[in-house]
Amino acid sequence: MTPDSIKEILKQVKYPGFSRDIVSFGLVRSAAFADGVAKVSLALNTADPKIPLHLKNEVDKCLRAQPGINATLIDVAVTAPKPATPAAGGGNLAGGKPAGITNSVAIASGKGGVGKSTFSVNLACALAQLLTAQGRPGRVGLMDCDIYGPSVPLMIGINGRPTVEGDSIIPLENHGVKVMSMGFLVDDNTPVVWRGPMIMKTIQQFVQNVKWGELDVLLVDLPPGTGDAQLSLVQTLPLDGAVLVTTPQLAATQIARKGGLMFQKVNVPILGVAENMSYFVDPAGNRHALFGEGGGAKTADTLGTSLLGQVPLIPEIRAGGDTGIPIVVSQPDSPAARTFRDIGETLLARLRKPAPVTNG
Ligand SMILES: Nc1ncnc2c1ncn2[C@@H]1O[C@H](COP(=O)(O)OP(=O)(O)OP(=O)(O)O)[C@@H](O)[C@H]1O
C-alpha cells in the first residue's frame, strides 16, 4: 500500500452535501502506510463543527474496510473560513456588503481575451444549478464590471434594461442568475470619457442599490488586467474572495502573479485559479494543447492556491456565448459543463455557508 493507493481509496469519501470526493477537493494533505496502519492527514476549511468529525469517521470506515489495513491514524486540521473584515468583505465602500449577500467573489484575469466573461457566465449558471438542486433557487448573482466591453448580457441571453423601484434597480434574470451589467447602461456609442470616476460610482451602486435579494454567491466579473483601474475597483468593492482565470501558456503565470499581488494588497483571499482554453479535442477524440500546458497549475502554485479546473477550448462554448445559452445550460451533461459544475462545487465548499432557507 502506497500513499497514492491510499488516496485512491479515499476518493470514495464524498464531502458532505457534494457529489465530489475529498481527494479531488484537495483536502487530503498526506497519506502514508506502515505495518498495517494507514495514516491520513486532512486539512479542512470550514466553520461547520460537524464536518471534521463526520469526515474523520468516514475516512476511518473507508480505510478499515480495506484488506491489509488494521488500524488508522487520522489527523484533521481545521481552519475556519476568513471572517469578513473591513478590507475583505467590506472594502472602502460605505455600508459594506448588503446583508443579503453571503459571499461576493471577483473573477479576474491578468490580461484580456482569456475567456473571463465566458467563464463567469458558465460558472454563474453552474452555481445556480447546484444551489437549485440543494433547494436554494435564485441565489446567484452576476455583476459585470467589464467597462471596456461588457459582454455578459449577450452571453447570458439578456437584452432588456433593468427597471427602477424607488431607490433600487431590479436586476434582470436568466438561466436562474440575477444579472447587472454596465452593458445595460452603456452602448457601443457611449463616449469613452464616461469611464473613470463616474463608472466607479456606478459600480459601487451595483452593490448597494441593486435589489439582489438573498444571494449565496455574487460573482463580480472584473475588467481584464491588474492595473490601477482594477486596483481601485477591488478596493471599493466588498469582496470575500477572488478567482483568477488564466490560459495554459506558461507566460501567463507572470501576469497572473500580478493579479495575486493586487488581491493581497486589498486583503482579499484567492480562492483558486481556473484554466480556460486548456486543450482542444479533435473529432477523433485526441487532445491538443494548442496554447501550451501547465500555466494554470503553475499559477496556482505560485499564488499558494489550487487549480480549480481546466475548461477545454471547444466550439460549443463559443457558440453558447454567441447565442446567450451557455453550454452549462444547453448541454448540461457535456464534459465541459461538468467541469464548470465541479469548479462551482469546489468554490461552494470554500465559501461561507449561508443560513438555511426557511421560507422555501
Ligand atoms: N473555452 C472556450 N472555448 C471556446 N471559445 C471560448 C472559450 N472561452 C472563451 N471563448 C471565446 O473567446 C472569446 C473571448 O472570450 P471572453 O469574451 O469571455 O474573454 P474575456 O477574457 O472576458 O475578454 P475580455 O475580458 O478581454 O473582454 C469569445 O469569443 C468566447 O466565446
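Which strands does helix H3 (residues 116–133) lie across, and at about what angle does H3 run to S10? I began with this question, keeping in mind that the model is predicted. I found that H3 lies across strand S4 (101–109), S5, strand S9 (177–181), S10, strand S11 (241–246) and strand S12 (270–275), and that its direction makes about 175° with that of S10. I then turned to helix H8 (residues 295–302), which also packs on the sheet, where H8 touches S11, S12 and S15 and runs at about 165° to S12.

**Entry: the eight-stranded sheet**

I traced the strand order next and read it as S8-S9-S5-S10-S4-S11-S12-S15, an open sheet of eight strands with mixed pairing. At its edges I noted strand S8 (172–174) and strand S15 (307–310), each of which pairs on one side only. I looked in more detail at one pair, strand S5 (residues 140–144) and strand S10 (residues 215–221), which run parallel and are joined by five bridges. Within that pair, I looked up Gly141 and found its bridge partner in S10 to be Leu218.

**Entry: H3 against H11**

I went back to H3 to see how it meets helix H11 (residues 335–350), and found the two packed at an angle of about 70°, with their axes 8 Å apart. Because angles of 65 to 115 degrees count as roughly perpendicular, I recorded H3 as roughly perpendicular to H11. I noted the crossing of H3 and H11 as right-handed. On the H3 side the contact is made by Asn122, Leu123, Ala126, Leu127, Gln129 and Leu130, and on the H11 side by Phe340, Arg341, Ile343, Gly344, Glu345 and Leu348. Sorted by class, the residues of this contact come out as seven nonpolar, three polar and two charged.

**Entry: the ligand shell**

Which of the 20 residues around the ligand come nearest? I found these to be Gly112, Gly115, Lys116, Ser117 and Thr118. I also checked which helices contribute to the shell, and noted that H3 and helix H9 (315–323) each supply at least two of its residues. By class, I recorded seven nonpolar, ten polar and three charged residues in the shell around the ligand.

**Entry: the three-stranded sheet**

I then looked at an open sheet of three strands, which has mixed pairing and the order S1-S2-S3. Its edge strands are strand S1 (28–34) and strand S3 (71–79), each pairing on one side only, and neighbouring strands here are turned by 10° against each other on average, direction ignored. Strand S2 (residues 37–45) pairs with S3 in the parallel sense over nine bridges, and for Ala43 I found the bridge partner in S3 to be Ala77. Two helices lie across strands of this sheet: I noted helix H1 (residues 3–10) across S1 and S2, at about 120° to S1, and helix H2 (residues 50–64) across S2 and S3, at about 155° to S3.

**Entry: H6 against H7**

Last, I looked up helix H6 (residues 228–236) and helix H7 (residues 251–265), whose axes come within 9 Å and cross at roughly 35°, in a crossing that I noted as right-handed. H6 brings Gln230, Leu231 and Val234 to the contact, while H7 brings Met262, Phe263 and Lys265. I recorded the classes in this contact as four nonpolar, one polar and one charged.

Note on methods: Residues numbered from 1 in each chain as written. Predicted model: local features only at pLDDT ≥ 70, side-chain atom pairs only at ≥ 80, totals over all residues. Pairing = 2+ DSSP bridges. Helix = DSSP H or I, 4+ residues; strand = E, 2+ residues; numbered from the N terminus. Contact = placed C-beta atoms within 7 Å. Axes fitted to C-alpha atoms, helices over the stretch in contact; angles between N-to-C directions. Parallel < 35°, antiparallel > 145°, perpendicular 65-115°, else oblique. Left-handed = near helix turned anticlockwise from the far one by under 90°. Nonpolar A, V, L, I, M, F, W, Y, C, P; charged D, E, K, R; others polar. Near = placed C-beta within 6 Å.
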